[in-house]
Amino acid sequence: MLQISCPWCGLRPEGEFVCLGEAVPPRPDPAALTAGEWAASLANRANIRGLHAERWWHVRSCGRILTIWRDTVTHAIAPGPDGTAAPEAAP
Amino acid sequence: MQRFSFLSLARNALSHHEGWHRAWRSPPLRDTYDVVIVGAGGHGLSTAYHLAKEHGITNVAVIEKSWLGGGNTARNTHTIRANFLRDVSIRFHDVSVKLYEQLSRELNYNILFSQRSMIDLIQSWGKLRDLRRRSLAMALHGPAYDLIPVDEVRRRIPAMGDLAGVRLPPLAGMAHPEAAMARHDAVAWSYARAADARGVEIHQHTEVTGFLRDAHGRVIGVETSRGTVRAGQVALATAGNTSHVAAKAGLSLPLVTRNLQAFVSEPVKPIIDVIVNCPDVGLYVMQSDKGELVIGGGTDPIPSYRQGSHVATFEDVVASLVELFPRFKALRMLRQWGGAIEFAYDASPIISKTDVEGLLVSTGWYGGFKSIPVGGLTYAHLIATGAPHPLAEAFGLDRFTGLRFLLEAGTVAQR
Amino acid sequence: MTARRLAHGGIIERSQPLSFRFDGMELSGFAGDTVASALMANDVALVGRSFKLHRPRGFFGAGHEDGVMVSRLSPRAATNQLATVTPLEQDATYVSVSTWPNARHDIGAAAQWFSRLLPAGFYYKTFMLPNWHLFEPFIRGAAGLGRVPDPAWEPVSESRFGDCDVLVVGAGPAGLAAALTAARSGTSVMLVDDGEAPGGRLVLDGIDDGGWVSRTKAELEALPHVRLLRRATVWGYHEHNLLTVIERRPADAPDLDFRNWKIRARQVVIAAGAHERPIPFADGDRPGVMLASAARSFLHRHGVLAGERAVLFANNDSARGAALDLAKAGAAVTLVDIRPDAGGTAAAALAQRGVTLIAGGCVLRAIGSRRVKAVEMRHADGRLATLPCDLVALSGGWNPAFHLASQSREAKSVWHHDLATFVASHGEGRFRLAGAARGVFEAGACARDGMEAGQAALRAVDREGPAIDLPDLDDPFVARSVAPLWFVPPRRRRDKVFVDLSGDVTTADLGLALREGYDSIELVKRYTTAGMGVDQGKSGNVNVIGIVGALTGQATERVGTTTFRPPYVPVEFGAIAGARHKARLYPWRNTPLTDWHLARGAVMYEAGLRWQRPGFHPLPGEDWQAAASREARAVRNGVGVYDGTPLGKFQLKGPDVGKLLDLVYISDFGKVAVGRGKYGVMMTDDGLIMDDGVAFCLAEDRWLLHSSTGAADRVHAHLEQIVQVHRPDWQVSVIPVTTQWANATVCGPRARDVLAALEPDFDISRTALPFMGMVEGHLGTIPVRVFRVSWTGELSFELNTPARHAAALWEMVMAAGEPFGITPVGSEANHILRVEAGYISTGHEVDGTADPHDLGLGALVSATKPDFLGKHAMAMRRECDPERFELVGLLPSDPDRSVLEGAPLTPDGDKVDQEGFVSACVRSVALDRVIALGLLRDGRSRIGEVVHARIRHEIVPLRVVAPVFHDADRARVRS
């Protein structure tokens, strides 16, 4: 069971959150993609073994969705690679 | 291959079992094979066996980063079943069960295959509807999945407690007599021994670190921790890590890896004869031949390769267990573990060529122990002939490009 | 009599004798005894049989490293109680497990005659013909330990959360020093120890501490920010420093059997000690052979001398302490030390205190079957000798207990040459090992190490900890310069050298596994089951690794280790479940009207997301069908009312709500006026329906969205992800209001009459409040929002009121409706009504694979919107897969023949692939016949055809019709 730092509420237990999975990029404009690209964007996932960006919904508290970097092998939550923020990190 | 039998056991007993041969060789790694299979788990070894047996392709190396059978083959709860919803899934897994039934004799290695029946407990009306639909679909194709009244459920699972007042009282059950368990490690070992006997090479402790590509991008081999190996085709059987390995070839797949945990009790005398599965609460329990209760539930709710235990999910499973079996409250958990299993976007398997020529995948097994024989049979067919096996035509990656999903899960289970 | 209770010593209450029974013998012990120590005190040496071969077994360890189980018949019947940790109870009856008739005389012991046929993995090589099924029952019957009693003890348990800055595991010298150091800084400390009282080895080995343990304990107990748990074992080390702890018979709660803690600690000090390992030798599993530490522990903890003539067999100094203790307690002691240089001055010193030292000797075999009588040994010069004895105590070195560090995944095991064992590397700063758990064995050094670990833990939480006064401890004999001896090769091939007593695994088994190619340590373990027994290899695993190294010619450190998996000690399932059972397992969600329904005998259903809702309200003598039909007829012919509270409700607020609705729904929402609503279908972006519902425009920037009951959470997550992730620039907030509004839906041709009788302060006429219209106002004094939505195919008013008014509103409706025969309606009648009206339902027609066109909702799909969720995927799929399963009505040729919901449709009813299925089937009250809905390949173009449902051996012909059986022009709905 993880402890997740919510930018609004602080360090909170996992039970307050719902995991929304890998942080896929914001929905692209389908008209700008080929059919194949669109299909891939729907189903394919990086499914990284190691540090990946993922979204959590703090549903049993502030209701915000936040993005964290978490190692899928150790479950350690860490800053992003090279200190980069997650894709559209929570405000 | 040295024959196993009671007689050979007795004969070898006289010589203090000094005369047994190695189950598989440890040959030197050569630089070229017709086929390299990545992953010496159940699926990889079964594929190698079928390549040799049905297609005469024996110039095959199975390359394993760790010890053979050490991935999900070592980490599952050894259940075999064919209770599915879609026609293709039912047929596919029905063949798997039938292959399993013959496996000990075919491979001359007792995998302790035991058809003990599975009883799915129905604890909500929605689940009754879902499972009845499954049951009637299965009746079209062979495997039995019969509605039994709750009295019958109780008679067949006498260890269940007094059900008065339980949170979700069982309404009925579905009995699946073909369901079985088998000694999971032995399945890998038996295939390894049989494949080896047909000339396949198994290379343990050899990790694939990259792919060898030609000018057209075609995969023509693998880079390993022990050197470069060329191959006509490279077939991944790396359950749990397929995305990770495929990414080395620049391939993205519709997969998510999650942790599925399980645990066993200390061994007790026989008390549960069937495999009990409770989809409404996310719990299954059976008893191994050794006497341990083998218990599991749903997958953990986060992407994970940790192979551990998610405490909240674990506690849910245990709470459901003692709700239905209060007499197990004083029994103790001896050991727990987790396996990294892969879900395809539509929760059906993938046995397919890929966009990268020369690279094939068998994945999305979300617990593929039950499919090892048929998975190997059909994957070998694809590798050998270039065309999908008739049983696995629906399992190609092309279904995702056309968004024609094979949604096995159907409606989502609700609590 | 050889093993016996001493007149003095031990931490038992000699003033409190306890009588008990074991395998039919009447025996007695004292309060403070374990079952094991009491049996030892009574000189019962043979207490069980081995798992596979049923060899006689006695106690080998004195704690969790032992494997002897007993069943307790009374009080509180339970099986598989580990005798060395189970407290003795007055008048209790115990029996040995897996023996018949008892441990001394056991029929199963016949297995030993066939042991040659039962090497590791024998079952893989035989029992194949004709079939494993024939043999399996015998194997199953022979395996297993105890029998689960009926009725069985159901321990009372609870779960509790804990939080602390520093969690210290183990209250031996290292743990106590760490806890005291941390505690004095004022930081919060939890000290968890599995003994009855702190002290650890200082107690078990009888080391004089000059009162340090009791002073430290007193100081810790007096500090408010320190919590000391005794009889508690940390069993799991999970991610983010969450540790799970089982506390047995918590001191503060006499009514509790177990408490399972989940403790989040900023820093962890693992001072869990070490496990002694044996030196395996031929027949070294006989009763009377045990670990030296066990003999010492029985002596100091329970005042039990395990034998009067003891042979100690060791490869390190630690056994000398045990030897001296046993000698002091009155035993004649010979210490066989394999190290040729073990003698010297030490020999004389030991001799002075009654211990005969044989340096360079080696014990070869135990003699005696039900109890050891002598050992055969070889002197340094090769001479063989037989030493009569009744106790053999072994010390093959010590294995630091770093299991928890290993579980944390932040430590690697590394080989320690001098100690001849594995130790763990430290973690990445979240925990540290201290004392014996990291290979520091001398008690005084352990205390210092503990203090330093405490100081380091404090620094990690930004505090300082000054040094504490360390005790002066005399502990001269510890495992240094261990001469590894993984096993003593047997002189005769038929002699068995057991390396894993719980799993009955011998060195021959390991050799066989290696010969057959199972050569990595994990394969050896799995093939032979070594380390997989009830002690999980606590004492034997390192020997297994050493033997594999020896037999394969590898250095031990190259062999590798197997994984340490939780739990560190076995944990009761009841403890993990805690108080979660019955309604506390998954709490019900009830509406404010649940009590009303229950009082009237409603049969309640689980309606999704744990909501309870009436299924039907049977009158005396009615079955479900009769009740449901009566309720449905009331709605068709008069008026009914149902509790619609569980429907998901969301208030959407903000200037961009319209954009959101246009993105998530397939239809145009731009044209909906304030005070009006619209039916909508929601797809996921992969072009499949996820839910349907209605949305009403309360104001330009304020909408109310209804979802189906079971989909409410999914819809909520869906909307939030769009608003927060995909369209963060839109100003919309999503507020779930499901439980704030109760809903009584009045439906039927007389619904308006009932509403009129409720004194509305608003116009309820068809023109003022048309279909898909809404109004806010009062019924009498009760505030309501009324929506004209129908899911029954009748005139229908959804009366929504704040939850606190629900009961009053409901009573009012019932009273006002009485003249019209108003009838409460459950979900069974709802189902009939919606099937007649041809409305789709989640879980039936919406089965996760359908798109709007499939379900006849193509007309709702906006032709003008350039984009909405699912639009593109749906188009792509339909392009390459034009033959879809489409919604149709189905009429069985026999009007009274009902068809199971879910029944497959196949061509001609043959046993071939499905061309559809029956999604719903009811007895229609409007048509007085069976009607059904289904999904059929290309169904809309097949109206009029006869298709076939295949229900096992039966074929049911059904005529394909349009999927609406009542009010096809929706005139009644709009009335």
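Author: Two residues are in contact if their C-beta atoms, placed from the backbone, lie within 7 Å. In chain A of this predicted model, residues 24 or more positions apart account for 53% of the contacts with a separation of 6 or more. Chain A holds one helix and six strands, and along the sequence these follow the pattern β-β-β-α-β-β-β. Of the 91 residues in chain A, 33% are buried.

The part to look at closely lies in chain B, where helix H3 (residues 87–107) packs with helix H9 (residues 372–385) at an angle of about 110°, their axes being 7 Å apart. Because angles of 65 to 115 degrees count as roughly perpendicular, H3(B) is roughly perpendicular to H9(B). On the side of H3(B), the residues that take part are Phe92(B), Val95(B), Ser96(B), Leu99(B), Tyr100(B) and Leu103(B), and they meet Pro373(B), Val374(B) and Leu377(B) in H9(B). Sorted by class, this contact of H3(B) with H9(B) has eight nonpolar residues, one polar residue and no charged residues.

For a view of chain C, one may turn to Arg493(C), which sits in the loop between helix H11 (443–460) and strand S29 (498–500) of that chain. Arg493(C) is exposed, because 10 other C-beta atoms lie within 10 Å and a residue with 12 or fewer counts as exposed. From C-alpha to C-alpha, Arg493(C) and His403(C) are 35 Å apart in space, while in sequence they are 90 residues apart.

Methods
Residues numbered from 1 in each chain as written. Chains lettered and ligands numbered in written order. Predicted model: local features only at pLDDT ≥ 70, side-chain atom pairs only at ≥ 80, totals over all residues. Axes fitted to C-alpha atoms, helices over the stretch in contact; angles between N-to-C directions. Helix = DSSP H or I, 4+ residues; strand = E, 2+ residues; numbered from the N terminus. Parallel < 35°, antiparallel > 145°, perpendicular 65-115°, else oblique. Nonpolar A, V, L, I, M, F, W, Y, C, P; charged D, E, K, R; others polar. Buried ≥ 20, exposed ≤ 12 C-beta atoms within 10 Å, placed from the backbone.
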